[in-house]
Amino acid sequence: GMKLLLNWLLSAVALMAVAYLYSGVTVASFGSALLAAFVIGLLNVLLRPILVILTIPITLLTLGLFLFVINALVFWAASEMLSGFHVSGFGAALIGSLLYSALGLCIDAVLAPARE
């Protein structure tokens, strides 16, 4: 409930921070950030597991580094679906998703004590 909502709001803030820190990612407004954070979250739940399973051989060959590519693809896919969230290319998606993931880990660390 509340924790999920807080996580979503903080993820949107994280996305705004990524756009602020890095020119390759642009977010039109906080509303756009909320929508983008929601879509990225949804894609991570629905699409990411399938991509991870399908690319296990590549992931093993690259010692797990291919997972960064999957994260970038999810990030990029979200930007392709939304008008208020833009990523300037695959490189930008990679950097943007890395920054977003790093901020996501910080959010999880902050929210962890609040877990029921």
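Predicted model: local features only at pLDDT ≥ 70, side-chain atom pairs only at ≥ 80, totals over all residues.

The protein has 6 helices and 2 strands. Read from the N terminus, the order is α-β-α-α-α-α-β-α.

On overall dimensions, the C-alpha trace spans about 40 × 35 × 25 Å along its principal axes. Of the 116 residues, 34% count as buried. The accessible surface is about 6,800 Å², and carbon and sulfur atoms account for 77% of that. As for contacts, take those between residues at least 6 apart in sequence: 62% of them join residues at least 24 apart.

Which elements give two or more residues to the largest nonpolar core? That core has 27 residues, and the ones with the most contacts inside it are Leu-15, Val-25, Ile-40, Phe-75, Phe-85, Val-87 and Tyr-100. The elements giving two or more residues are helix H1, residues 2-21; strand E1, 25-27; helix H2, 30-46; H5; E2; and helix H6, 90-111. H2 gives the most, with 7 residues.

Let me stay with H2 for a moment. Buried in H2 are Ser-32, Ala-33, Leu-34, Ala-36, Ala-37, Val-39, Ile-40 and Leu-43. The cover over these buried residues includes H1, E1, helix H3 at 48-54, H5, E2 and H6.

H5 is the other helix I want to show. With 16 residues, H5 reaches 23 Å from its first C-alpha to its last, close to the 22 Å expected at 1.5 Å a residue. Its buried residues are Phe-66, Ile-70, Asn-71, Ala-72, Val-74, Phe-75, Ala-78 and Ser-79.

Phe-75 brings us to the rings. How many aromatic pairs does the structure hold? There are 4. One of them is Phe-75 with Phe-85, an edge-to-face pair with 5.2 Å between centres and 85° between planes. Phe-75 sits in helix H5, residues 66-81, and Phe-85 in strand E2, residues 85-87, so this pair ties together parts that are 10 residues apart in sequence. Both phenylalanines are buried. Ring pairs also bring in Tyr-100, giving a cluster of Phe-75, Phe-85 and Tyr-100.

Phe-75 turns up again around Val-87. Leaving out residues up to four places away in sequence, Val-87 touches Gly-24, Val-25, Phe-75, Trp-76, Ser-79, Ala-92 and Ala-93.

Is Ala-14 buried or exposed? Ala-14 lies in helix H1, and its relative accessible area is 5%; the cut-off for buried is under 20%, so Ala-14 counts as buried. Again leaving out residues up to four places away, Ala-14 touches Tyr-100, Leu-103 and Ile-107. Ala-14 and Ala-109 are 95 residues apart in sequence, while their C-alpha atoms are 14 Å apart in space.

That is the tour. I can go back to any part of it.

Methods. Residues numbered from 1 in each chain as written. Heavy atoms only, no water. Helix = DSSP H or I, 4+ residues; strand = E, 2+ residues; numbered from the N terminus. Buried < 20%, exposed > 50% of the residue type's maximum accessible area, 1.4 Å probe, protein only. Contact = heavy atoms within 4.5 Å. Areas by Shrake-Rupley, 256 points an atom, 1.4 Å probe, with all protein chains shown as cover. Phe/Tyr/Trp six-rings, centres within 6.5 Å; stacked < 30°, edge-to-face > 60°. Core = buried A, V, L, I, M, F, W, Y, C linked by side-chain atoms within 4.5 Å. Expected span 1.5 Å × (residues − 1).
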